[in-house]
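Subject: Structure for you to look at

Hello,

Here is the structure I promised. Please open it and keep it beside you while you read the notes below.

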Amino acid sequence: MTLPAAPPLTAARGAISLSGITRIFAGHIPAVDHIDLDIHAGEFFTLLGPSGCGKTTLLRMIAGFETPDAGRILISGREMQEVPAFKRAVNTVFQSYALFPHLNVEQNIGFGLKMQGVKTPERKKRVDAIMELMQIGQFATRSAAQLSGGQRQRVALARALVNEPEVVLLDEPLSALDAKLRAELQIELLRMQKRLGMTFIFVTHDQHEALVMSDRIAVMSKGKIQQVGPVLDVYEKPQNVFVAEFLGLSNIWPILSAQGQTAQTALGPLEVADVHLARLCAPPQAPEAVPPPTPGRLAMIRPEKIWIYNDAAAPTGRPNMFPGTIREAIYMGASTQYRIELHCGQFVLAYDTNNQAAERSWRPGENVAVELKPENIMLVEP
Amino acid sequence: MIPRSVRYLLSGISWPVYILLYTPLALVAYYSFAPAPNQMGHSLHAYGVLFHDAEVLTALQRSLLLAFFSATISTMLGTLLGYGLCRFRNRRAKGVLANIPSLIIYTPIIMPSLVFGISELIFFNFVHTYTGLLAAGLQTMIIAHITFQVPYVTLTVFARLAGLDPYLFDASHDLYADGIKSFIHLIIPVVQPAIIGGFLLGITLSIDDFTISFFTAGPGSVTLPIYIYSAIARKGITPEVNAIGTLMIGSIIALALIHFFITRHRERGSQFAARGNIT
């Protein structure tokens with residue numbers, strides 16, 4: 001007996017495939033510009049970007065509230081261009097929650113089932129089950145206006161989940177909450193997603209939130225996707241300056257020229273572990289550079305990847321060791337952020353963890369040496 | 001903080017204004033209790049005469065009929081119009097274009113009713129001359145009353161809808177409700193207070209209206225305001241006229257109170273909600 005062929009990955013229940021999606025609002029530059037994106041079934045996927053980057057427009061097109069001007073949307077392998085929002089097995093948690101003001105919690109949650117024609121006993125059973133799961137049963141008969149922000153957020157999520165949609169869309173659902181509640185609900189949301197195994201597409205402008213929650217992230221800017229990948233890749237190996245800077249602090253220097261594993265930068269010669277250095281950063285006049293190298297690669301290193309030593313105790317004989325002076329020290333609890341002026345005049349941003357293993361903390365004016373380990377230096381596009 | 005002297009001054013001014021507003025109404029009520037001819041004191045004589053006057057009762061009946069039908073139809077039309085103007089307005093429009101909905105709504109309201117009445121008269125005459133339809137009478141009055149009530153209903157419904165979270169409409173589509181289901185399960189319940197308010201306002205405006213009714217009425221479609229006008233023209237202000245006035249004041253106050261309690265009930269609900277938010 002042979003097993004039936006597995007369906008293509010993009011046809012699995014809850015998988016989304018976008019190709020060439022474009023949306024242009026009259027008289028404006030494209031809000032969403034030729035986006036190709038595959039979202040796997042059952043993953044927690046985040047669209048991350050600054051406000052106005054098109055992430056919400058993209059989400060609204062998946063939901064069916066907006067129609068793309070070009071491109072195809074496939075949900076669970078089915079074409080969605082002609083399918084109106086109310087026929088898509090997709091439910092949304094809105095930024096404002098958009099709970100119905102004339103209905104109580106129970107009725108709000110049951111709205112979708114009622115519209116689908118689910119009969120009262122069955123509906124009641126499912127609404128009760130989801131309220132139990134979300135721990136909001138005690139608010140069942142309250143009106144939406146009588147709930148706190150966190151409770152509303154739970155009701156909005158329950159209202160989406162009770163329909164057992166193929167995909168759940170979340171449009172900055174935590175942005176109205178205070179930091180502590182937000183952190184709690186991030187974890188709760190994540191647990192819920194893993195437990196139910198539904199595809200979640202989460203829109204946020206908060207890089208920390210994106211890092212905490214996502215399986216994969218798409219970083220968006222100006223209607224285009226800058227990089228897609230697992231959280232770790234996007235943070236550790238950003239493709240370009242925008243991604244590097246949007247996901248956290250970074251030190252970036254343009255590479256002026258490259259030879260072997262050594263790049264010439266404003267810091268002086270910098271050893272880089274990336275074996276592609278020579279190919280990626282070959283000087284434009286090099287005759288063998290038949291495919292012209294992408295001009296102007298930059299060297300990037302995250303502040304937490306920088307080692308700081310006492311000037312006198314700095315190990316010798318290692319590459320990328322630069323002497324300098326602490327100019328600024330900002331204590332941030334778990335770590336301290338230092339701004340260090342190197343002797344060459346460049347500034348470096350470095351974090352040092354405030355644990356017991358940490359050698360000590362430094363004060364402005366002290367002389368130190370910083371080490372930029374070659375394997376921690378990434379090459380990014382402008 | 002307003003200085004105490006200014007506050008006293010302001011409240012000092014407000015009382016004469018109230019007196020100016022309400023004394024005439026009180027006088028109407030007072031004179032309605034005039035005694036029967038050749039008698040002294042106060043009596044309900046005028047009310048007795050009124051309730052046995054077939055002409056008055058017919059006029060009243062006609063006024064109520066007119067008010068009910070015109071208010072019902074304009075509530076339905078105004079609700080749909082208010083919904084349409086709110087739902088399908090272009091959020092990105094700027095300048096005059098952005099204000100088209102409010103222009104459409106406000107223009108008939110600020111139009112002098114004299115102009116309105118005469119233009120209705122000309123229009124109905126025109127249609128009647130060429131088609132034989134719309135002879136002056138109750139039907140033309142109903143149409144005329146609908147036209148001036150619709151903007152008020154539209155305005156109340158529009159204001160209610162425009163104050164809602166715009167994502168509610170998306171949410172209902174998202175939760176498997178098509179246009180008609182959304183209208184029945186979201187729009188109607190949410191704007192219900194505005195619909196009731198608009199209906200009551202329509203009734204009040206219709207019963208109150210003289211100018212437009214005067215121009216669009218035909219023979220045998222005398223409403224209460226028109227009857228009062230002609231009664232005064234013939235016999236001057238009689239206790240019966242004052243009695244009608246008193247009854248009208250009473251009914252209008254009753255309607256206003258009903259509306260007040262409906263809206264107050266709603267506001268209390270949201271006040272409570274606001275308090276619930278803080279905890």
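First, a term. A helix crossing is called right-handed if the near helix is turned clockwise from the far one by less than a right angle, and left-handed if anticlockwise. Keep that in mind for the helix pair below. Also note that this is a predicted model.

Chain A overall

Chain A has 382 residues, and 40% of them count as buried. Its secondary structure comes to nine helices and 21 strands. The C-alpha trace spans about 75 × 60 × 50 Å along its principal axes. Take the contacts in chain A with a separation of 6 or more: 65% of them join residues 24 or more positions apart.

The helix pair in chain A

Look at helix H3 (residues 120-134) and helix H4 (residues 149-161) of chain A. The crossing of H3(A) and H4(A) is right-handed. Their axes lie 10 Å apart, at an angle of about 140°. Angles over 145 degrees would count as roughly antiparallel, so H3(A) and H4(A) are oblique to each other.

Which residues make the contact? From H3(A) come Ile130(A), Met131(A) and Met134(A). From H4(A) come Arg154(A), Leu157(A), Ala158(A) and Leu161(A). By class, the contact of H3(A) with H4(A) has six nonpolar residues, no polar ones and one charged.

One residue in chain A

Now go to Val231(A). It sits in helix H7 of chain A, which covers residues 231-236. Is Val231(A) buried, exposed or partly exposed? It has 18 C-beta neighbours inside 10 Å. A buried residue needs 20 or more, and an exposed one has 12 or fewer. Val231(A) therefore counts as partly exposed.

Leaving aside neighbours within four places in sequence, Val231(A) is in contact with Leu211(A), Ser214(A) and Ile217(A). Val212(A) is 19 residues away from Val231(A) in sequence, and the two C-alpha atoms are 8.7 Å apart.

Where the chains meet

How many residues of chain B are in contact with chain A? The count is 20 residues of chain B, against 21 residues of chain A. On the chain B side, the elements giving two or more residues are helix H7 (167-174), helix H8 (179-208) and helix H11 (239-278) of chain B. H7(B) gives the largest share, six residues. By class, this side of chain B has 10 nonpolar, four polar and six charged residues.

Best wishes

Technical notes. Residues numbered from 1 in each chain as written. Chains lettered and ligands numbered in written order. Predicted model: local features only at pLDDT ≥ 70, side-chain atom pairs only at ≥ 80, totals over all residues. Contact = placed C-beta atoms within 7 Å. Helix = DSSP H or I, 4+ residues; strand = E, 2+ residues; numbered from the N terminus. Nonpolar A, V, L, I, M, F, W, Y, C, P; charged D, E, K, R; others polar. Axes fitted to C-alpha atoms, helices over the stretch in contact; angles between N-to-C directions. Parallel < 35°, antiparallel > 145°, perpendicular 65-115°, else oblique.
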